[in-house]
Structures are given as C-alpha cells and as structure tokens.
Amino acid sequence: MTLRVAIDFGTSSTCVAVAVDGREPEVVVVDGQPLVPSAIYLAPDGTLFVGHEAERQAAVDPSRFEPHPKRRIDEGELLLGTSVLPVADAIRAVLTRSVGEARRVAGGAPVDQLVLTHPADWGAIRTQVLHRAAQGLAAEVVLVPEPVAAAVFHSAGHTVPDGAAVAVLDLGGGTVDASVVRRQGASFEVLATRGDPTFGGADIDQILLDHVGGLVMDIDPEAWRKLIEGRELSDRRRRRVLRQDVRGAKETLSRHAYTDVPMPPPFPDAHVTRDDLERLIAQPLSRAAELVSAAIRDARITPAQLAAVFLVGGSSRIPLVARLVHERTGVVPTTLDQPETVVARGALRAATRDPHRTGALPGPQPVTPVGGLPTATGPGFPQPPMSTPTAAGDGFPGAEPFPPGTGTPAGGLDGPTVVMSAPFPSPAGPTPPGGLPTPGALPGALPGAEPVPASRRNRVPLLAGGAALLVVAVVALGVFLLNQNDSEGTGSGKESRSSGQQIAQYDYRFDVPEGWNQTGGDAAQRKVRIEPEGGPGSAAIVVQEFKLVYDSDQSRDRAVRELRTQVENAGFRDFQAETSFGGKDVVHYRQDNSDGTTVDWYVLFRGTTQVSVGCQYDRDGRSDVYEACDQVVRSLDVTG
C-alpha cells in the first residue's frame, strides 16, 4: 500500500487529505468534521492536546491554550501557563495528530509522502520551522505553496491553458491571501502574492458576535459582560458554545437570507440577516478583494488576461466576497463545494504532477519544494551551501541548524536546492534571486509579515564552504566599481542608455538598461533579476527590497552599523558606509565567487525600506555590467 498525506495547516483550522495507492484524494474526517482546529493546549503534566480536545481543555485554564500556533511561528517559543514550548513542537503536535488520523483511515500504514502547504510568501525561516516539525512523520516531505495547490485542484475541472495565469483568493480562518499563479506545462508557479495576516474568518465571527451582543445586551448588561469576559468554568463553557453558534450562523447566512442565534438565559435568541452581516463586513472584505487587484498588478498582467479567479477558504462562501471580487476584476470568480478543503486536496495533485520534484533536505526524510515563485537562477550564480547559525540569537530556539552544503526550501521555490533563489535560508530572511547572497536582509520583509525580534536578526549570515566564496563574490563587485569610480568618476565614462522599459513592481522602480531584459524574480521576496540579451552568461543584476523595523532616515547610523556588523562577521571585505555610485549615496561591499565572477552590492536606505542592488560580472564583462549597474542605481527610485 502507498499512502500519501497532505496537511493544510491553517491559522485557525487544519485539513487533512489522503490518497491511497494512487487513488483520488479524499478528505479525512476528524471528530466528525472535515476540519480540525489548529489549536493546542499544554497540560501541566506536559501532555499536548490538539484540536477540539484543546478547545475543551481551554475552558479549564485558558493560559495554557494557543488557538493559532501558525500565527506565532516567528516567535520561536510559546509561554503556555508556566511552561515554555518551542513553536516547532506546537506545530509538530498538530501535524502528528493529522498524520495519525490519516493513518487511521489507511489501517495504520506508514506515510510514504507527506505534503505540507504554506503561504506563498513564507521564506526559508518559516519553512525551516515547518520542516523541523515534520521530521520523522513520513519517508518524504514535500512543500507546496497554498495558491499552487488551489490552482492545481481547480484546474482539474476548469481549463487553464499552458502559460495562462489565474488569481487565487484564500479567505481562511485567520488570514486572507491573494496570489496570481501561472501554469507552465504540468506545474504552476506563483507570480505575485499579497496578504493580510490580521483578518480572516475568525474576525468575521467576532464581528458577528459583537453585533449579536448589541442586539441583546441591554436586557442584562452585567450578564452579558459575565458571558463574554467571565472567568468561571461555567462562563467559559457557555462562551464556547455561543461562539460555535455564531460561527454556524455565519455559515447559514451564506445560504439563507436570515437565521437565529440561540442565546443562553436570560437573553432571547438573536435574529440576524445576511444584510446585517454584509453591512458589518463590507469594509474588510473590500480590502480583501483589493488584495486580488494588487496581486494582479504585481504580476504585471491585467485582469482581462486572467483565465480565472478561484475562491478558497471557508469564508469565501459569503456571497459578498464573490461580488466584490467581480467588481474589482471584472471576472466572475469560481468556487467549489467545501472550499476549505480545496488546498489539502490540491496539494496531493500538485506534488504528483510537478516535474521539478527533486532534491532533498538533510534529516530523516527528503523535503521538496513544489510550485513556488520562479527561480531566478542562471549561469554565474553558483549555489552556495546552507549557512549554519553560529551565534546566539541565530534561528529559532530549539531549531536544529541545517548542515553546511545542503539546500532548503525557501517559500515554496522549486528546484533541487533552493539556495540558488534564497541562498541564505537562515534568519537572514529574503535574499536576491540567482544565488546572490543577501546584503542586509531583514526577517519579516514579506508583505504583512510580523517583524522578527532584533535578537534573532542576521542580515548577512555566516556561510560555509562554497557559500562563503559566493558571499565574497557579492561583496567583490562593489570593489571593482569603486575602483572604477576612483579612476573614472561617478559615471562609467560612457552615457548609460535606457531600454525605455521601467520595472515598478514593488516599492521601488528603475529603468532597464538598453540590451537588458528581466529574466526572473521572486514576488514573495520582492526581487527582480535582469540579464543582458543573448545570455546565458555570467552577467546579471539583482534588485531586492527589504522592510526595516525602524526608520533608517532617523536611525541611519543604526542601519549601517547593523549591516557592517553582519558583513564583517561574514568575512566580507571593502565595506564602505558612505560612498557614491550612480549619483546616489550608497553603502557598498564586495564578494568574490569561486567561479571567477564578482558581485558588488549597493545598498540604499529610505525610511523603513532597504533596497539592495547586486551586480555580477566576470573579468571580460565588467565594463558592460558596470555601465548597466550605473543605469539601474542612477534611475532607482524607492517609493515605499
């Protein structure tokens, strides 16, 4: 028997799907439902309860309850009661319960392949935590971005031509995410993604609960306060039942014009209508629909070029969602029955059909990223080994470092070793495509990501072996350009010419030099790669944006000091805190690659945004790259 299991580990709920002996995926019913809460409860004796069991235990001691462990993934550790629990262990508890339920359906058979879904904008730090939590649960672990799984499932019943793009709006329990995904042969890749980690179906439940309170609380304000805030066990139990009834009312209003919410004494049942609900949630759902438009713009296509708009997630059933998306895009969105199970079911299909499923991470089982954002790799950008955290504060507490020389999935990027597109899959956060190391990346740089505490930042992580050589390469391009500056002045001695094309995809924009084209990028990492026409070759330029957790205009010394520390710790050379290139004041450092190429980094700080430009060349092509790099930096405008 062959058992494949997919787990859609969501913020509020988790869905499990299985495929036995190659048959069609089916959803695993847990406690009589297709979804199980992602919640955990840590008992005083160390026992971890998951799902509905955790919610029931929460009535005893809420301080030991965590309803949304996925939302806490950046924190490293959880304080539950008086106990400290690594986030990876909390996530592992949910995954272990899910795998156990799947094996129960299959008669106890071992899991041959475990497919885990994750948001498209998750980078290496978060996927490392997910990977660690899954160790030992299956012979093979595959990572699939959620919108890819959704697109694969929907495409089974809807024609999506090769090369066509679809938009996916995932309105889950704790977050809302909009992505644009393009079909390429048998696989899909994420072109762009936008998200709001502060809104989801649970927030709609709370809005509806507040409305119900407004209808009935005047009868006995003190009784209502006790129901909502009371600490007694009886209050907690009544509150849990009330929240379940409110959630049920929300689901009923997706199908009917009105419903009644049963209320405990002394309150009468509350009558609510769909009009009431839509009026209450129109504003946040409008923002969710706008995320779709923003993702389409980021993907550099128009709504008319979309093959479809797919709705997934339980709250996507709300009719207002489809209407608002239609108004924004002009495309009538498509949804299926049980939209909350689409990602889990599609993940198994995605992992089966993707032709790039090769490569592995170290550990008890291989890990393969599937269908991620396009890898912007190419000749001249060698794949460095993984860096291993070596200093206190690197990584997450309790996380096992990956040995040097191994690859790791980075936000769902496909390929055997994703270090090419995210060469610092450590606490460095996002990295430039094509294997360029990160010159000062900050974790939490993704849209909507929560900032990682300063103690866990590592803007230029230490590398081992070939990675160290690549790190040197990134720094190296700068020295040559500085030498050129010294001998030739700010310019190259030639007039840089633009192709007339401007890239304005993120919170920065720049002119593409004449004879150069965009050849790749990573929307989740907010980076762009350009190369000269007639490639492949060693020449390439990468531009990437990072978000700081402070205003660099007011704290420039801090920004430079932190970057210098990381550069020096990594063994980079020629760090210059203040220099001029392309007519701009920049920070510069250099790195030499083991293949004889050189990369220079030019770093611009503007407010809470850092934009890094990496320019790579070999000995014979340095003049042409220098001219193009000057054009990019000179035209670079940081808008965010």
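**Entry 1: burial and overall make-up**

I began with burial: 59% of the 640 residues of the protein count as buried, where buried means under 20% relative accessible area, exposed over 50% and partly exposed in between, with a 1.4 Å probe and protein chains only. I note that this is a predicted model, in which local features need pLDDT of at least 70 and side-chain atom pairs count only at pLDDT 80 or more, while totals for chains, interfaces and linings use all residues. Residues are numbered from 1 along each chain as its sequence is written, and side-chain values use heavy atoms, with hydrogens and water left out.

I then looked up the surface. The protein exposes about 23200 Å², and carbon and sulfur atoms supply 48% of it; accessible areas come from the Shrake-Rupley method with a 1.4 Å probe, and for residues only the protein chains shown count as cover.

For secondary structure I found 13 helices and 28 strands. Helices (H or I, at least four residues) and strands (E, at least two) are DSSP runs, numbered from the N terminus. Next came contacts, meaning heavy atoms within 4.5 Å. Among those between residues at least 6 apart in sequence, 65% join residues at least 24 apart.

**Entry 2: a sheet and its helix**

I traced an open sheet of 7 strands, in the order β21-β22-β23-β27-β26-β25-β24, with antiparallel pairing. Two strands pair if DSSP finds at least two bridges between them. At the edges sit β21 (516-522) and β24 (573-581), each pairing on one side only. From one strand to the next, the twist averages 20 degrees.

I followed β21 to its partner β22 (residues 527-532): 6 bridges join the two, and they run antiparallel. Here D522 stands opposite K527 in β22.

Which strands does helix α13 touch as it packs on the sheet? I find that α13 (residues 622-635) touches β21, β22, β23 (540-547), β24, β25 (584-592), β26 (598-606) and β27 (609-617). The direction of α13 makes about 165 degrees with that of β27; axes are lines fitted to C-alpha atoms, for helices over the stretch in contact, and angles run from 0 to 180 degrees between N-to-C directions.

**Entry 3: the disulfide**

I counted 1 disulfide, taking a pair of cysteine sulfur atoms within 2.5 Å as the rule. C615 and C629 form it, with their sulfur atoms 2.0 Å apart. The link of C615 and C629 is right-handed, with 65 degrees about the S-S bond. Because C615 lies in strand β27 and C629 in helix α13, the pair ties together parts that are 14 residues apart in sequence. Are C615 and C629 buried or exposed? Both C615 and C629 are buried. I also checked C15, which counts as buried at 1% relative accessibility.

A reminder to myself: most residues other than glycine have a negative phi, and most peptide bonds are trans.

I looked at D21, which has a positive phi of about 55 degrees although it is not a glycine. D21 is in the loop between β2 (13-20) and β3 (26-27), and counts as partly exposed at 44% relative accessibility.

R300 also has a positive phi, about 60 degrees, and is not a glycine. I place R300 in the loop between α8 (274-298) and β17 (306-312); R300 is partly exposed, with a relative accessible area of 40%.

Last, the peptide bond from P265 to P266 is cis, with omega near 10 degrees. P266 is found in the loop between β15 (258-261) and β16 (270-273).
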